[in-house]
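Dear colleague,

Please find below the structure that I am handing over to you. My notes on it follow, and I would be grateful if you read them alongside the model.

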Amino acid sequence: MLIDAESYQRILGDELRKLRRKRGWTRKELNQHLQSEISLQTLATYELGTRHCSVVRLVELCVAMDELPQDLLAKVHRRVFVDEPGRVRIDLRLVIDDDQEELLPLRRWADDRLKRPGDNGSAEVHLDFAALERMAELCGIPTVDLIGRLRRLNPS
């Protein structure tokens, strides 16, 4: 299983932001509950997923918000690695290697996506329902059919 570090970091940040907002706190209020003071900009970059958070800092954030770190990471893990309703995780390399005639537009997209600079060579992507609908339309097949084909290509 490949880990898309960028996605993982972004989802971790999203979960941290949700947790803070659930408490009704601003970043400034969260900062007041931390053991060690950090800048509000640093908190913002953690929440945006643009800055890596050390394990110790992550635990400190969780403790301040009364959340077990393992529970927060479990939420992140589920979002990153488990297909949610209407979302499908696919390995672009497997799509490219497939020979189903109807999936030719999807193969072309996957090939182009893998060649894009700046994607760190990540071959695993998540497609939401809207993207799946568009892909199905391009392939000329029902969305449910496309989802089934993609799940068969990418057994978890």
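Does aspartate 66 count as buried or exposed? Aspartate 66 counts as exposed, with a relative accessibility of 61%. Please note that this is a predicted model. Aspartate 66 lies in the loop that links helix H4 (55-64) and helix H5 (69-81). Although aspartate 66 is not a glycine, its phi is positive, at about 55°.

The cysteines come next. How many disulfides does the count come to? The count comes to zero disulfides. Cysteine 53 is in no disulfide, and the nearest cysteine sulfur, that of cysteine 62, is 8.3 Å away. A disulfide requires a pair of cysteine sulfur atoms within 2.5 Å. Cysteine 53 counts as buried, at 17% relative accessibility. Cysteine 139 is also buried, and its relative accessible area is 10%. Both values fall under the 20% that defines buried.

The last topic is the strands. In strand S1 (residues 88-91), the side chains of Val88 and Ile90 point one way, while Arg89 and Asp91 point the other way. All of these residues are buried. In general, side chains in a regular strand alternate between the two faces of the sheet. Which strand pairs with S1, and in what sense? S1 pairs with strand S2 (residues 124-127) in the antiparallel sense, over four bridges. Within this pairing, aspartate 91 has glutamate 124 of S2 as its bridge partner.

Yours sincerely,
A colleague

Notes:
Residues numbered from 1 in each chain as written. Predicted model: local features only at pLDDT ≥ 70, side-chain atom pairs only at ≥ 80, totals over all residues. Heavy atoms only, no water. Buried < 20%, exposed > 50% of the residue type's maximum accessible area, 1.4 Å probe, protein only. Helix = DSSP H or I, 4+ residues; strand = E, 2+ residues; numbered from the N terminus. Pairing = 2+ DSSP bridges.
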